[in-house]
Amino acid sequence: MKKGLSRRNLFKFMAVGGTTAVAAGCEQKPEKIIPALVPPVEFEYMPNTGYQYMTTCRECDSGACGMMITAREYRAQKAEGNPNHPLNQGALCALGQASLQTLYNPERHAQPRSGGEVISWEDAQSEFVSLLQQSAGQIVYLGRPTVGSEGAFVDNWLNEVGGGKRIAFSLISRAAEQRACEIAFGRSDLPDYAFENAELLVNFGADFIETWGHPVQNGRRFADMHAYSDGKKNRCIHIGPHQSLSGARADEWLPANSGTEAMIALAMAYFIHQRDPRYDFLDDYLSPYSPELVAGDTGISVDKIRSLAEEFHQNSSLAIAGGTWNSSEQATATQVAVFTLNAVANNLGKTLR
Ligand code: SF4
């Protein structure tokens, strides 16, 4: 690499870029950003003395938890949540806790390989450069969704090496939810789900404790909502064919037939809309989805859909949706159905905002 941009410096450069992008949005200009990246050397050389770095976890696509790494004698020894970070408030999920495995797991690739054989870094670099030169203009960079200035950095790099295409890939994409938000609310964005304001959470398959959205923040908000307090306990209903870890934490699991989540959401919305019409333009949209018409396909009885809709309407409630179907052709329609259910139950601006 040119101009002393070593692998180590590359990561530092990207970290500074991200910090700069965030700082640009703040009113108060930071006077020093270097101390966030350069370790406190007066501790680094003291034997047996641990010190902490503050950084950000990148183990999942939300990539947003504040992380505190304890290092000693140049080696990271423990990953914990940054107690002062507003999102995770000191917590890390199992993925974040296990992130040190990328440094120390004996099964990791510690050396470059070519054709299955371990090769030196020098050979790998010249082979890589030669491949780049042969493929200029046709390079495909396949990576995870980027945060901060990382995407712009990769795009610049692709331009410098002759041009190509960057593809972001995520197994647990929320693109359908974003598209549904645009259809339902005219804004291509992801809403905030205020679990803690709900007395009844109806979950259409989202594994919110393990993978959906921001698992650490979800877990904290769910604990706030679901804990026994003031002599009562709020309820969570899990709807879907698969009982995930999040489903196992629910008070009730309704094993609906696969792919019928949207029908159940719309049947509940129909029931509520009949009693409390809030948006006239939904009459035609909801009319084919009465509980009587859809119950047979969903595997959930008419009475159960009605009683759940009644409970959803009478309490402060929230419906969320996610899961494996979220990458299927039905994903956007299902998310729109769940947004509609929240809208007819008057949840907009309260638990969905
Ligand atoms: S939710 Fe877990 S994996 Fe994702 S950023 Fe937070 S600690 Fe890391």
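I started at valine 336, which counts as buried at 13% relative accessibility. The model is predicted, so I read every value below as computed from that prediction. I placed valine 336 in helix α15. Then I listed what valine 336 touches, leaving aside neighbours within four places in sequence. I found Ala180, Ile183 and Tyr285.

Valine 336 and alanine 180 lie 156 residues apart in sequence. From C-alpha to C-alpha, I get 5.1 Å between them.

For each helix pair I wrote down two values, because packed helices are described by the angle between their axes and the distance between the axes.

I looked at α11 and α15 (residues 331-344). Their axes come within 8 Å and cross at roughly 20°. Angles under 35 degrees count as roughly parallel, so α11 is roughly parallel to α15. I logged the crossing as left-handed.

Which residues meet here? On the α11 side I listed Glu261, Ala262, Ala265, Leu266, Met268, Ala269, Ile272 and His273. On the α15 side I listed Thr334, Ala337, Val338, Leu341 and Val344.

**Entry: α11 against α13**

Next I took α11 (residues 261-275) with α13 (residues 291-298). I read an angle of about 160° and axes 9 Å apart. Are the two helices roughly parallel or roughly antiparallel? The cut-off for antiparallel is over 145 degrees, so I call α11 and α13 roughly antiparallel. Their crossing is left-handed.

From α11, the contact uses Met263, Ile264, Ala267 and Tyr270. From α13, it uses Pro291, Val294, Asp297 and Thr298.

**Entry: helix α14**

I tested the length of α14, residues 302-314. At 1.5 Å a residue, its 13 residues should span 18 Å. I found the end C-alpha atoms 18 Å apart, which agrees.

Then I listed the buried residues of α14: Ile305, Leu308, Ala309 and Phe312. They cover an arc of only 100° around the axis, so I place them on the same side of α14. What does the face turned away from that buried side carry? I found the exposed residues Asp303 and Gln314 on that face.

**Entry: serine 244**

I moved to a loop residue. Serine 244 is in the loop between β9 (235-239) and α10 (245-248). Is serine 244 buried or exposed? At 8% relative accessibility, I count serine 244 as buried. The cut-off for buried is under 20%. Neighbours within four places in sequence aside, serine 244 is in contact with Asp207 and His238.

Glutamine 89 is not a glycine, yet I read a positive phi of about 45° for it. I located glutamine 89 in the loop between β3 (75-81) and α4 (94-97). Its relative accessible area is 45%, so glutamine 89 is partly exposed.

Aspartate 230 also went into the log, with a positive phi near 50° in a residue other than glycine. I traced aspartate 230 to the loop between α9 (215-226) and β9. With a relative accessible area of 78%, aspartate 230 is exposed.

**Entry: the whole chain**

How many helices and strands does the chain have? I counted 15 helices and 11 strands. Of the 353 residues in the chain, 36% are buried. I also looked up the contacts between residues at least 6 apart in sequence. Of those, 57% join residues at least 24 apart.

Note on methods:
Residues are numbered from 1 along each chain as its sequence is written. This is a predicted model: local features need pLDDT of at least 70, side-chain atom pairs count only at pLDDT 80 or more; totals for chains, interfaces and linings use all residues. Side-chain values use heavy atoms; hydrogens and water are left out. Helices (H or I, at least four residues) and strands (E, at least two) are DSSP runs, numbered from the N terminus. The expected span of a helix is 1.5 Å times one less than its number of residues. Buried means under 20% relative accessible area, exposed over 50%, partly exposed in between (1.4 Å probe, protein chains only). The arc is that of the directions from the helix axis to the C-beta atoms. Axes are lines fitted to C-alpha atoms, for helices over the stretch in contact, and angles run from 0 to 180 degrees between N-to-C directions. Angles under 35 degrees count as roughly parallel, over 145 as roughly antiparallel, 65 to 115 as roughly perpendicular and the rest as oblique. A crossing is left-handed if the near helix is turned anticlockwise from the far one by less than a right angle, and right-handed if clockwise. Contact means heavy atoms within 4.5 Å.
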